Amino acid sequence: LDAEGHRIAAGKLLEAVGCKDLKFGNARTWDAHANIIVTDGECTSNDVRQLAEEMAKRVESQFGTKLISEVMYLE
């Protein structure tokens, strides 16, 4: 939430912390939207998980906002 209590889109926060050009292994953020992870073909679940964790860490570090993942990981 911003100072006025309005929700802030996660994509906006992710772009603000430089996640639009972020890549880990074969997982990367989509050029058009920093809140979407895509693969270049051969990607592991670990690539996706580590990228998502780095994205969330950057947002929390800069804004103090903890992102909540909508992805469920099955192990």
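Student: Okay, two strands pair when DSSP finds at least two bridges between them. With that in mind, what does Trp-30 stand opposite in strand 3?

Tutor: In this model, which is predicted, Trp-30 stands opposite His-33 in strand 3.

Student: And how many bridges join strand 2 to strand 3?

Tutor: Four bridges join them. Strand 2 and strand 3 run antiparallel.

Student: What does the whole sheet look like, and in what order do the strands come?

Tutor: The sheet is open and has three strands, in the order 1-2-3, with antiparallel pairing. Strand 1 (23-24) and strand 3 are the edge strands, and each of them pairs on one side only.

Student: Which strands does helix 2 lie across?

Tutor: Helix 2 lies across strand 1, strand 2 and strand 3. Relative to strand 2, helix 2 runs at about 50°.

Student: Let me pick a residue from strand 2, where Thr-29 is found. Is Thr-29 buried or exposed?

Tutor: Thr-29 is buried, because its relative accessibility is 1% and the cut-off for buried is under 20%.

Student: Which residues is Thr-29 in contact with, leaving aside neighbours within four places in sequence?

Tutor: There's a list, including Cys-19, Leu-22, Ala-34, Leu-51 and Met-55. Lys-20 is also among the contacts of Thr-29. A polar atom of the Thr-29 side chain lies 2.9 Å from the backbone oxygen of Lys-20.

Student: New topic: which residues make up the largest nonpolar core?

Tutor: That core has 10 residues: Leu-13, Leu-14, Val-17, Cys-19, Leu-22, Ala-27, Ala-34, Leu-51, Met-55 and Val-59. Helix 1 (10-16) and helix 2 (45-63) are the elements that give two or more residues to it.

Student: Which element gives the largest share?

Tutor: Helix 2 does, with three residues.

Student: I noticed Ala-27 in that core. What does Ala-27 touch, not counting residues up to four places away?

Tutor: Ala-27 touches Ile-37, Val-38, Cys-43, Asp-47, Val-48 and Leu-51.

Student: Let's do charges. How many salt bridges are there in the whole structure?

Tutor: A search of the whole structure finds six. In one of them, the side chains of Asp-40 and Arg-28 meet, at 2.9 Å from N to O. Arg-28 is in strand 2 (residues 27-30) and Asp-40 is in the loop between strand 3 (33-39) and helix 2, so this pair ties together parts that are 12 residues apart in sequence.

Student: Which residues are linked with them in a network of salt bridges?

Tutor: Lys-23 and Asp-31 are linked with Arg-28 and Asp-40 in that network.

Student: What about Glu-54, which residue does it form a salt bridge with at 3.8 Å?

Tutor: That's Lys-57, and the 3.8 Å is between the closest N and O atoms. Glu-54 and Lys-57 are three residues apart in helix 2, which means about one helical turn separates them. Glu-54 also forms a salt bridge with Arg-58, where the closest N and O atoms are 2.9 Å apart. Glu-54 and Arg-58 both lie in helix 2, four residues apart, about one turn of the helix.

Student: How exposed are Lys-57 and Arg-58?

Tutor: Lys-57 counts as exposed, at 52% relative accessibility. Arg-58 counts as partly exposed, at 28%.

Student: Still in helix 2, there's Ala-52. Where does Ala-52 sit relative to Gly-41?

Tutor: Ala-52 and Gly-41 are 11 residues apart in sequence and 18 Å apart in space, C-alpha to C-alpha. Leaving aside neighbours within four places in sequence, Ala-52 is in contact with Ile-37 and Tyr-73. Ala-52 counts as partly exposed, at 24% relative accessibility.

Student: Last one: where is Ile-68 found, and is Ile-68 buried or exposed?

Tutor: Ile-68 is found in the segment after helix 2. Ile-68 counts as exposed because its relative accessibility is 75%, and the cut-off for exposed is over 50%. Ile-68 and Ala-56 are 12 residues apart in sequence and 8.3 Å apart in space, C-alpha to C-alpha.

Notes
Residues numbered from 1 in each chain as written. Predicted model: local features only at pLDDT ≥ 70, side-chain atom pairs only at ≥ 80, totals over all residues. Heavy atoms only, no water. Core = buried A, V, L, I, M, F, W, Y, C linked by side-chain atoms within 4.5 Å. Buried < 20%, exposed > 50% of the residue type's maximum accessible area, 1.4 Å probe, protein only. Contact = heavy atoms within 4.5 Å. Salt bridge = Lys/Arg side-chain N within 4 Å of Asp/Glu carboxyl O. Axes fitted to C-alpha atoms, helices over the stretch in contact; angles between N-to-C directions. Polar contact = N/O pair within 3.5 Å; in protein donor to acceptor, adjacent residues only side chain to side chain.
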